[in-house]
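Visitor: I'm new to reading protein models. Could you walk me through this one?

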Amino acid sequence: MKPSALAFINMGSSLPSGRTIEDMAKRNDLFQSLDSNGNGSITLSEIERGIRAHFRECSTPFDFGSTISRAVAATKNLQRLASNGNTASELIDKSEFRLILLYIKQSLELRAIFDGMNRSDNTSVTVKEVTSVATLLSKWGLALGDIESAFRDIDEQHSGKVPFGDFADWAIRHHVLGDVWRATAPASSSAPVTPKRLPDEANPEQPKP
């Protein structure tokens with residue numbers, strides 16, 4: 001594995017985006033450190049400042065600015081779905097903060113997948129590169145046909161390549177939606193449903209023995 005790919009994996013692993021007791025405690029500490037006025041919500045700029053501080057010792061280049069903006073936009077879209085289209089607040093609460101961290105983690109994991117290939121351009125991905133890692137992407141629940149169809153939709157210029165951030169945003173929104181559905185759907189439901197609310201911090205996953 002290329003050093004940069006391993007670095008992206010380690011960076012993603014350092015974010016407390018899970019629902020275990022340990023991750024919840026770390027995430028709560030991070031949230032409180034960013035919540036300057038103690039009102040239980042934080043802003044986009046506070047998140048960006050906190051994430052950049054979290055990775056201040058990492059030398060591997062990554063576009064955190066646009067990734068964080070995309071993460072907040074995707075999370076707010078879920079909030080609108082959860083509230084039947086009602087306008088979401090611009091502030092971020094703790095349940096949204098987890099999904100934002102999850103989005104950033106998955107963006108780093110995607111970057112690691114593509115960085116592990118011998119590529120000369122790290123700012124975009126080609127349809128050939130995407131299909132060559134379809135097996136890895138299938139672990140996210142992304143079928144090859146869906147990937148190819150989405151690629152064609154994103155590739156508005158029909159150039160055969162799309163910005164990495166655009167492809168990552170589609171893939172992560174797909175996966176994060178699945179994460180929310182699994183957390184909110186009835187146990188007997190196998191199909192995606194519109195979530196009644198975003199996952200909260202009330203039911204942490206217990207660590208496996």
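Predicted model: local features only at pLDDT ≥ 70, side-chain atom pairs only at ≥ 80, totals over all residues.

Visitor: How many helices and strands does the chain have?

Guide: There are nine helices and two strands.

Visitor: How do I read the sides of a helix?

Guide: An α-helix has 3.6 residues a turn, so residues three or four places apart point the same way. Now try helix α8, residues 144–154: its buried residues are Ile 147, Ala 150 and Phe 151. These cover an arc of only 105° around the axis, which puts them on the same side of α8.

Visitor: Which exposed residues does the face turned away from the buried side of α8 carry?

Guide: That face has Arg 152 and Asp 153.

Visitor: And what about ring pairs?

Guide: A pair of aromatic rings is described by the distance of the centres and the angle of the planes. This structure holds seven aromatic pairs. One of them joins Phe 31 and Phe 97 edge-to-face, at 5.5 Å centre to centre with 65° between the planes. Phe 31 belongs to helix α2 and Phe 97 to helix α5, 66 residues apart, so this pair links distant parts of the chain.

Visitor: Are Phe 31 and Phe 97 buried or exposed?

Guide: Both are buried. Elsewhere, ring pairs join Phe 8, Phe 55, Phe 62 and Phe 64 into a cluster.

Key: Residues numbered from 1 in each chain as written. Heavy atoms only, no water. Buried < 20%, exposed > 50% of the residue type's maximum accessible area, 1.4 Å probe, protein only. Helix = DSSP H or I, 4+ residues; strand = E, 2+ residues; numbered from the N terminus. Arc of directions from axis to C-beta. Phe/Tyr/Trp six-rings, centres within 6.5 Å; stacked < 30°, edge-to-face > 60°.
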